[in-house]
Amino acid sequence: ESFTCLVSMQMYKFFDKIQLEHTNKMFDKFPDCLKVAFIDCKDKGDAADSDAVHPFQERRYYSCLIDRTCATEPDGRRKPGFRIELPGYPILGDGKGDN
């Protein structure tokens with residue numbers, strides 16, 4: 001227990017039942033050292049004007065972090081322990097093909 005493994009699962013929000021089961025198995029196998037970061041989004045809502053959200057932005061985006069200690073929701077997803085709003089759409093370009 002001398003390390004923490006942080007995994008980026010950008011599509012976690014859109015996982016189906018099987019993918020969620022596999023993710024939860026990983027949490028069971030590595031209960032103390034696995035954390036998952038993912039991007040969450042929701043419609044910008046009524047408060048968008050007062051929060052100065054750009055008029056062309058349709059959604060709000062959040063960077064989220066979950067681990068085994070996070071509560072499980074009825075659909076099998078875990079409720080984020082940390083959730084930070086991002087300033088806009090977080091995906092730039094077609095990925096990191098040069099890496």
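Biologist: What is the strand order in the open sheet, and what is the pairing?

Modeller: This is a predicted model. Its open sheet has four strands in the order β1-β2-β3-β4, and the pairing is mixed.

Biologist: What makes β1 and β4 edge strands?

Modeller: Each has a single partner strand, so one side of each is left without a neighbour in the sheet. β4 covers residues 82-85. From one strand to the next, the twist averages 25°.

Biologist: How do you know that β1 and β2 pair, and in which sense?

Modeller: Pairing needs at least two bridges. Strand β1 (residues 5-8) and strand β2 (residues 34-43) have four, in the parallel sense. The two strands therefore count as paired. V7 stands opposite V36 in β2.

Biologist: What lies on the path from β1 to β2, and what is the hand of the crossover?

Modeller: The chain passes through helix α1 (residues 17-29), giving a right-handed β-α-β crossover.

Biologist: How do you know that β2 pairs with β3?

Modeller: The threshold is again at least two bridges. Nine bridges join β2 to β3 (residues 59-67), so the strands pair. They run antiparallel. F38 stands opposite C64 in β3.

Biologist: Why is the contact between Y12 and F38 called a tilted ring pair?

Modeller: Ring centres must lie within 6.5 Å to pair. The centres of Y12 and F38 are 4.8 Å apart, so they qualify. Planes under 30 degrees apart would be stacked, and over 60 edge-to-face. Here the planes stand at 50°, so the pair is tilted.

Biologist: What does the pair tie together?

Modeller: Y12 lies in the loop between β1 and α1, and F38 lies in strand β2, so the pair ties together parts that are 26 residues apart in sequence. The structure holds two aromatic pairs. Ring pairs link Y12, F15 and F38 into a cluster.

Biologist: Are Y12 and F38 buried or exposed?

Modeller: Both Y12 and F38 are buried. Buried means under 20% relative accessible area.

Biologist: Which residues make up the largest nonpolar core?

Modeller: The core has 12 residues in all: M9, Y12, F15, L20, F27, L34, V36, F38, Y62, C64, I66 and C70. Two or more residues come from each of α1, β2 and β3.

Biologist: What is I66 in contact with, leaving aside neighbours within four places in sequence?

Modeller: I66 is in contact with Y12, F27, K35, V36, F38, R78, K79 and P80. Contact means heavy atoms within 4.5 Å.

Key
Residues are numbered from 1 along each chain as its sequence is written. This is a predicted model: local features need pLDDT of at least 70, side-chain atom pairs count only at pLDDT 80 or more; totals for chains, interfaces and linings use all residues. Side-chain values use heavy atoms; hydrogens and water are left out. A crossover is right-handed if, with the strands pointing away from the viewer, the path from the first strand over the helix to the second runs clockwise. Axes are lines fitted to C-alpha atoms, for helices over the stretch in contact, and angles run from 0 to 180 degrees between N-to-C directions. A nonpolar core is a set of buried Ala, Val, Leu, Ile, Met, Phe, Trp, Tyr and Cys residues joined through side-chain atoms within 4.5 Å. Buried means under 20% relative accessible area, exposed over 50%, partly exposed in between (1.4 Å probe, protein chains only). Rings of Phe, Tyr and Trp (its six-membered ring) pair if their centres lie within 6.5 Å; planes under 30 degrees apart count as stacked, over 60 as edge-to-face and the rest as tilted.
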